[in-house]
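Hi,

Here is the structure I said I would pass on.

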There are 2 protein chains.
Amino acid sequence: MLMHAAEQFRAICEEAGLAVTHQRLVIWEKLATMPGHPSPEEVYAQVKEEIPSISLATVYKTIHLFVDTGIFREASPHHGSMRVETNHEPHHHLVCRVCKSITDIPSEQLGFGGPLGDVPGGFLVERYAVDVLGICAGCRKPA
Amino acid sequence: MLMHAAEQFRAICEEAGLAVTHQRLVIWEKLATMPGHPSPEEVYAQVKEEIPSISLATVYKTIHLFVDTGIFREASPHHGSMRVETNHEPHHHLVCRVCKSITDIPSEQLGFGGPLGDVPGGFLVERYAVDVLGICAGCRKPA
DNA sequence: GTGGTTGCAAAATATTTGCACACTC
DNA sequence: GAGTGTGCAAATATTTTGCAACCAC
């Protein structure tokens, strides 16, 4: 059965143990209906239409909260600062969600090679970058 | 046959049409031998040992130059600002290297599903994020 | 010599934090 | 009422830019 958005968000917060505030509700509603991969600034602009007094800091805090509790994900698992790829061999990445470390694995080991060239939609495929997300050996131990 | 590093770099620069400077040579040498996915700050620290007067701005400029000419790659194709994933369906990304746009494609359409759970090395796999890199339909047209 | 390159300092962008007040539970 | 959440402003972090001196070709 359908739930009113506010009801649905209330349930999500209960599950995650979060307080339900007006700001969080509106940020969640906007995120849920925004297409693509919005930046915090874009979310801020949207939310501001409904809550003119909201601050950008609150949007950042709330997005982090949503990501930390699994309500939304980050589009890019490692976006912080620029990183240079020094390994010229075909390879993919093991990305630890706890310590954020990035480890290379050779392409063959993953056994993935999609088609290159044209695909439906007119996109020209040049290569694939696969991030294998999870938890590294070091972070799985109780340290 | 083996080439001295400086010789090799000279050849690379000739191919790319770049002037060979001491700074560029040292940055290139450091990058080529640094393991992992160094940040500009880390590269700067390394290069500074050899050229104490180098500036961080030069390191940034040079890294961009190397990336633009294809001498090195960026580890993360979309790292600028944080982006929130609002699409809860399993999907992957078409990333255009010209306009930086990110378009979703459903997982089935790519036909990739690797194993989840433990893999050799102790890494716990939770999910895969695939970036399909290339040029989007819009950027292929001569605009 | 000429034009591209570097270093410096300042600017622009992106994100985080401390703190007083306000609101949820 | 207790404790969490919010807004503001300042602090950090990251990356870019303008410009004069300098170096490769």
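Below is what I found, starting with the overall picture and then moving to single residues.

A word on conventions: this is a predicted model, where local features need pLDDT of at least 70 and side-chain atom pairs count only at pLDDT 80 or more, while totals for chains, interfaces and linings use all residues. Residues are numbered from 1 along each chain as its sequence is written, chains are lettered from A and ligands numbered from 1 in the order in which they are written, and side-chain values use heavy atoms, with hydrogens and water left out.

**Chain A overall**

Along the sequence they come in the order α-α-α-α-β-β-β-β-α-β-β-α.

How does the radius of gyration of chain A compare with that of a compact globule of 143 residues? Chain A has 19 Å, whereas such a globule would be near 15 Å (taken over C-alpha atoms, the rule being 2.2 Å times the number of residues to the power 0.38). Along the principal axes, the C-alpha atoms of chain A fill a box of roughly 50 × 50 × 35 Å.

Of the 143 residues in chain A, 38% are buried (buried is under 20% relative accessible area, exposed is over 50%, and partly exposed is in between, with a 1.4 Å probe and protein chains only). Taking the contacts in chain A with a separation of 6 or more, 40% are between residues 24 or more positions apart (a contact is heavy atoms within 4.5 Å).

As for charge, chain A carries 12 positive and 17 negative charges, and their mean positions are 9 Å apart. Here Lys and Arg are positive and Asp and Glu negative, with His and the chain ends not counted; each charge is placed at NZ of Lys, CZ of Arg, CG of Asp or CD of Glu.

**Aromatic rings**

Over all chains there are 6 aromatic pairs (rings of Phe, Tyr and Trp, the last by its six-membered ring, with centres within 6.5 Å; planes under 30 degrees apart are stacked, over 60 edge-to-face and the rest tilted). One of them is Phe9(B) with Trp28(B), tilted, at 5.2 Å centre to centre and 35° between the planes. Phe9(B) sits in helix H1 (residues 5–16) of chain B and Trp28(B) in helix H2 (residues 22–33) of chain B, 19 residues apart, and the pair links distant parts of the chain. Both Phe9(B) and Trp28(B) are buried.

Phe66(B) and Phe72(B) make another tilted pair, at 6.1 Å centre to centre and 40° between the planes. Phe66(B) counts as buried because its relative accessibility is 0%, and Phe72(B) because its value is 3%. In chain A, ring pairs link Phe9(A), Trp28(A), Phe66(A) and Phe72(A) into a cluster.

**Residues where the chains meet**

What does Arg83(B) touch, not counting residues up to four places away in sequence? The list is His37(A), Pro38(A), Ser39(A), Arg73(A), Glu74(A), Ala75(A) and Ser76(A). Arg83(B) lies in the loop between strand E1 (73–74) and strand E2 (84–85) of chain B, and is partly exposed at 32% relative accessibility.

Ala137(A), in helix H6 (residues 137–140) of chain A, is in contact with Gly121(B), Gly122(B) and Phe123(B), leaving aside neighbours within four places in sequence. With a relative accessible area of 29%, Ala137(A) is partly exposed.

Thr62(A) belongs to helix H4 (residues 56–68) of chain A and is buried, at 5% relative accessibility. Beyond residues up to four places away in sequence, Thr62(A) touches Arg24(A) and Ile27(A).

Lys100(A) is in the loop between strand E3 (91–96) and strand E4 (102–106) of chain A, and is exposed with a relative accessible area of 54%. Most residues other than glycine have a negative phi. Lys100(A), which is not a glycine, has a positive phi of about 65°.

Cheers

Terms used
Helix = DSSP H or I, 4+ residues; strand = E, 2+ residues; numbered from the N terminus.
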